[in-house]
Amino acid sequence: MSVGFAMLVHTAFDRAEQVARYWAGHDCPVVIHVDGKVTRKVFRAFRDRFQDEPMIRFSKRVRVEWGAWSLVKATQLAATRLLSNFPDIQHVYLVSGSCLPLRPAGELRAYLDAHPETDFIESVTTEEVTWTIDGLEAERFTMRFPFSWRKNRKLFDGYVELQRKLGLKRKVPDAVSPHLGSQWWCLTRKTLSAILDAPDRDAMDAYFAKVWIPDESYFQSLARRYSSRIESRSLTLSKFDIQGKPHVFYDDHLALLERSDCFMARKIWPRADLLYETFLSESRVSERRAEPNPGKIDRVFSKANERRGMGRPGLYSQARFPRPGHETGLTAARYTVFSGLDDLYDGFGDWLSRRIGGRIHGHLYHPDGARFAGGETIMNGCLPDDAELRDYRPSQFLTNLVWSTRGERQTFMYGPGDTPEIGPFIARDPNATIAVVSGAWIVPLAASGAPFADIRAEAARLQRSELAFLRGLRGPGVAARVHLWTLADFVAQPLEKLQGVIDEINGPGPRRLTGLPEMRDISDLPAFLQRLRNEGMKPQVMGDFSALPTRPREVRDAG
């Protein structure tokens with residue numbers, strides 16, 4: 001026999017039994033530590049299952065708490081009995097009850113026999129660690145941690161800050177070189193015995209008992225004192241998410257686990273029947289000689305962590321919703337916003353549909369409700385046209401619309417009379433293309449036939465709203481593709497202006513725009529604007545019409 005296993009178990013006892021019997025059946029002894037929190041009745045029932053198995057023993061139990069010294073103590077108890085009861089083993093492999101061998105026992109034994117003096121333990125200096133929580137790399141060795149990080153987080157954080165402010169530090173023993181790494185190691189008998197039988201073990205234990213999460217530093221640091229050869233890596237595949245919690249492997253991870261070439265993996269879901277049946281099968285042939293290489297599947301887990309932390313572009317989970325800036329994208333797909341064009345042209349939406357395709361909506365943020373394409377009242381994703389529901393979360397209304405219709409470009413009209421809260425959102429959305437003819441709203445207003453006093457008041461209101469919208473489009477943080485013209489600038493060369501927008505949407509092509517719907521009559525607009533000035537309202541967003549004495553000539557669209 002060349003390797004024995006120290007197994008830490010606290011739940012899923014049927015799976016732990018399967019794995020323990022697998023190793024024992026391949027001449028690999030196992031010593032099991034069962035968490036002291038497990039009731040005596042459950043523990044005795046579990047222990048009694050192995051009365052007929054001389055290769056499986058149990059160690060004295062302690063109550064184990066996460067991040068506490070008790071986890072190291074449980075490991076010491078199991079490892080000590082393993083070394084004393086089975087003098088022929090040359091390596092001790094620390095595993096949990098949720099670990100599962102990925103390669104046949106013969107491959108592991110052959111691998112360790114080929115590396116008789118090598119300790120496989122991740123052991124990294126505190127200066128090189130990047131994965132720890134709250135930045136406690138070196139400080140975990142110099143501070144005191146009387147409060148549980150899990151159970152008393154406020155007291156834990158408060159006491160850490162107090163020690164920092166007062167400059168309180170513990171002295172690191174001269175014999176200790178602080179190192180950190182994975183809890184799951186495989187040490188030689190020589191190194192492990194030296195750690196457990198060290199003359200100053202009591203002093204070492206007393207010091208590390210006050211280090212935070214000592215299971216990640218005790219053996220990792222002390223192995224540096226005695227090992228003649230350390231390979232700073234674990235033979236166990238163990239992946240963690242962005243919160244520092246271990247990834248759980250399920251049946252659909254089978255191919256991924258095989259590709260890693262690792263000897264062990266954790267954590268395995270207790271009901272992953274396919275994984276247990278496959279990897280514990282006696283028909284598995286010992287044929288591979290590849291080095292364990294979890295890096296082969298790092299890309300998959302990196303993408304999973306990114307997806308979990310940032311989410312899909314334009315889709316917000318409950319956890320990310322209240323945290324602006326933590327999304328991978330504001331919306332899921334490209335969309336277009338036209339402002340002012342439908343005020344200038346009757347039938348602009350129909351003309352635009354023939355040019356760019358997709359769904360052409362009216363004013364989605366009209367005060368009376370969303371004007372969906374085709375007069376629909378309910379859109380994809382069960383979005384209603386109800387103004388009150390839409391305006392409760394205007395940005396989420398648009399986000400959900402774009403997500404629910406992804407694959408089909410959405411286009412909608414917008415104006416200064418619409419819900420203003422959506423303006424800053426679309427301005428900073430890189431998926432948005434915004435084309436604005438500022439002041440175009442004056443055209444239908446001038447032709448409304450309303451009393452002039454009412455027109456003047458409404459014009460002043462709309463201009464204030466549009467000026468705020470335009471400031472947002474010109475301000476910092478704008479990521480949208482913005483096309484902005486005054487009304488005077490646009491009517492001078494409307495086809496040329498719109499050509500750039502259409503090319504951006506469809507991509508440049510040989511076909512040029514040849515016409516537009518008939519523009520509403522603006523021949524009297526200069527005089528109307530002058531009347532507004534005479535009545536005390538200064539038009540600011542329409543541009544200079546002095547250079548346009550007559551209405552610009554247009555070519556009617558034959559299509």
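Select strand S17 (410-414), where Gln 410, Phe 412 and Tyr 414 point one way while Thr 411 and Met 413 point the other way, and all are buried, a word that stands for under 20% relative accessible area, with exposed meaning over 50% and partly exposed in between (1.4 Å probe, protein chains only). S17 is thus a mostly covered strand, with 5 of its 5 residues buried. The names used here are DSSP runs numbered from the N terminus, helices being H or I with at least four residues and strands being E with at least two.

This is a predicted model, in which local features need pLDDT of at least 70 and side-chain atom pairs count only at pLDDT 80 or more, while totals for chains, interfaces and linings use all residues. Residues are numbered from 1 along each chain as its sequence is written, and side-chain values use heavy atoms, with hydrogens and water left out.

Now widen the selection to the whole sheet, which is open and has 5 strands in the order S14-S17-S13-S18-S19, with parallel pairing. Its edge strands are S14 (359-363) and S19, each of which pairs on one side only. From one strand to the next, the twist averages 15°.

Then select helix H20 (residues 494-506), whose 13 residues reach 18 Å from the first C-alpha to the last, close to the 18 Å expected at 1.5 Å a residue, the expected span being 1.5 Å times one less than the number of residues. Its buried residues include Leu 498, Val 501, Ile 502 and Ile 505. The buried residues of H20 pack against several elements, among them strand S13 (335-339), strand S18 (432-438) and strand S19 (481-486). Just after H20, look for Gly 507, which takes a positive phi of about 90°.

For a pair of helices, select H3 (residues 69-85) and H7 (residues 201-208), which pack at an angle of about 145° with their axes 10 Å apart. Trp 69, Lys 73 and Gln 76 of H3 meet Arg 201, Asp 205 and Phe 208 of H7 in this contact, where contact means heavy atoms within 4.5 Å.

Finally, select the open sheet of 3 strands, whose order is S5-S12-S11 with mixed pairing. Strand S5 (100-101) and strand S11 (236-238) are at its edges with a single partner strand each, so one side of each is left without a neighbour in the sheet. S11 and strand S12 (residues 264-266) pair in the parallel sense over 3 bridges, and Leu 237 stands opposite Ala 265 in S12.

Key
Pairing = 2+ DSSP bridges. Axes fitted to C-alpha atoms, helices over the stretch in contact; angles between N-to-C directions.
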